[in-house]
Amino acid sequence: MAVTTQAATGITNSLQEYFSKQLLHQITQNLVLDQFAYRQALPEKAGKKAVRFFRYVEPSTGDIENLTEGDNDTFAATSAGRGRYKTLTLGYVDATLSSYGQVVGLSDILQATELFNHMEQATIVNGQDAALHLDTKISYTLGDDGGSMTANKIARYAGASAWYTSAPTSAQVMSGLELLDTATALKVNNAPTTNGYYTAVADPRVLRDLQNDSDWISSRHYGDPDAIFKGEVGKYAGIRCIESTNSYRLANGSGNQFTYASGGDVYSTFVFGDQAYGVVDLASQSPYSPKMLIAQGADKNDPLAQITTVGFKTYYGQVILQAKFLAQVYSGTNYS
């Protein structure tokens, strides 16, 4: 008896791909700058759209007088109506807030036929985008040439004395000595530490060059693993090194030192002390845990309820509080 064999080639149109309902990991950035910012929430209904931070001026000895035994006239009133008193001078920095938002639209047909929960994914994506946007705004503020506010910012160039006119060489990369010198520069500026350490936020490719140093201490060897910051990979020269994939990069050449370039060959490492920069947000609109606004149902603009929107809004600002507590170290990398 003859046997008939049905091959798959004959029924190709009836064979379809099986769709896995397990989503793969999406690409997300390692965002770290917000956790080191000095934070201040703007209360609602405060009648203000900015926050002012105050500090008294640095200590000085110019008003200290020599005293004479038994002579109480040193600080007596003068013709100007006051004695030789030291005047307390209060400086300030203003942080102005701006509004940002994003909306995802989901059709009724999509939600009725979806394989995945798009409402859930829209919420996750909005939250991740809000965090990335804030981290980027902070990075741009720290890396930009902000005029008088950043005039006192420490600028260092690994393996060079000034900005790179061409691509950094293999010798112009981050080193332990460069990080030590940066810590020393912050100490000279009397920059306060955070729990005894300064903080460096750097690209993984920059930290790769540092990790070859014999004095590098990996975070895996810390005695207290619970004290590790998000993204922390190790310590060197009194500096805790934090890894960020949302790094601030620039292209070599004249005029490019303060202009971000996504594919630039010069990397910025921010090294700072306590209260070097600050972040302000409206108390009810944190960009790191934004309130999602979901609008669904019929209205004049959508009479048949065909669209559901999922969005967030946030109102915040960022500012350098004390440029002397901030260093920007430029370097190349030997990673390839």
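**View 1. Surroundings of Gln172 in a predicted model.** The side chain of Gln172 reaches the backbone nitrogen of Thr169 at 2.9 Å, a polar contact (a pair of N or O atoms within 3.5 Å; within protein, one must be able to donate a hydrogen and the other to accept it, and residues adjacent in sequence count only if both atoms are side-chain atoms). The structure is a predicted model, in which local features need pLDDT of at least 70 and side-chain atom pairs count only at pLDDT 80 or more, while totals for chains, interfaces and linings use all residues. Residues are numbered from 1 along each chain as its sequence is written, and side-chain values use heavy atoms, with hydrogens and water left out. Gln172 lies in the loop between β5 (154-157) and α3 (176-188); helices (H or I, at least four residues) and strands (E, at least two) are DSSP runs, numbered from the N terminus. With a relative accessible area of 16%, Gln172 is buried (buried means under 20% relative accessible area, exposed over 50%, partly exposed in between; 1.4 Å probe, protein chains only). Leaving aside neighbours within four places in sequence, Gln172 is in contact with Ala158, Gly159, Ala160, Tyr164, Ala167, Ser331 and Gly332, contact being heavy atoms within 4.5 Å.

**View 2. Salt bridge between Arg52 and Asp94.** The side chains of Arg52 and Asp94 form a salt bridge, with an N to O distance of 2.7 Å; the term denotes a side-chain nitrogen of Lys or Arg within 4 Å of a carboxyl oxygen of Asp or Glu. This pair connects distant parts of the chain, as Arg52 belongs to strand β2 (residues 50-56) and Asp94 to strand β3 (residues 90-96), 42 residues apart. Both partners are partly exposed, Arg52 with a relative accessible area of 41% and Asp94 at 34%.

**View 3. Nonpolar surface patch.** Phe54, Tyr56, Leu88, Leu90 and Tyr92 make up a nonpolar patch on the surface, with about 620 Å² of accessible area together. Patches consist of residues with over 30% relative accessible area and no salt bridge, like charges being joined within 9 Å and nonpolar side chains (Val, Leu, Ile, Met, Phe, Trp, Tyr) within 5 Å. Areas come from the Shrake-Rupley method with a 1.4 Å probe; for residues, only the protein chains shown count as cover. The elements giving two or more residues to this patch are β2 and β3. Tyr92, found in strand β3, is partly exposed at a relative accessible area of 48%.

View 4. Glu232, in strand β8 (residues 232-236), forms a salt bridge with Arg240, the closest N and O atoms being 2.8 Å apart. Glu232 is buried at 6% relative accessibility, and Arg240 is buried at 7%. Elsewhere, salt bridges that share partners join Asp34, Arg39 and Asp281 into one network. Asp209 forms a salt bridge with Arg208, with closest N and O atoms 2.8 Å apart; here Asp209 is buried at 9% relative accessibility, whereas Arg208 is partly exposed at 33%. The count of salt bridges comes to 10.

**View 5. Helix α2 and its N-terminal cap.** Asn117 caps the N-terminal end of α2, a side-chain oxygen lying 3.2 Å from the backbone nitrogen of Met119. The 26 residues of α2 (residues 118-143) should span 38 Å at 1.5 Å a residue, and the end C-alpha atoms are 37 Å apart, which agrees; the expected span is 1.5 Å times one less than the number of residues. Buried residues of α2 include Ala122, Asn126, Ala130, Leu134, Ile138 and Leu142. An α-helix has 3.6 residues a turn, so residues three or four places apart point the same way.
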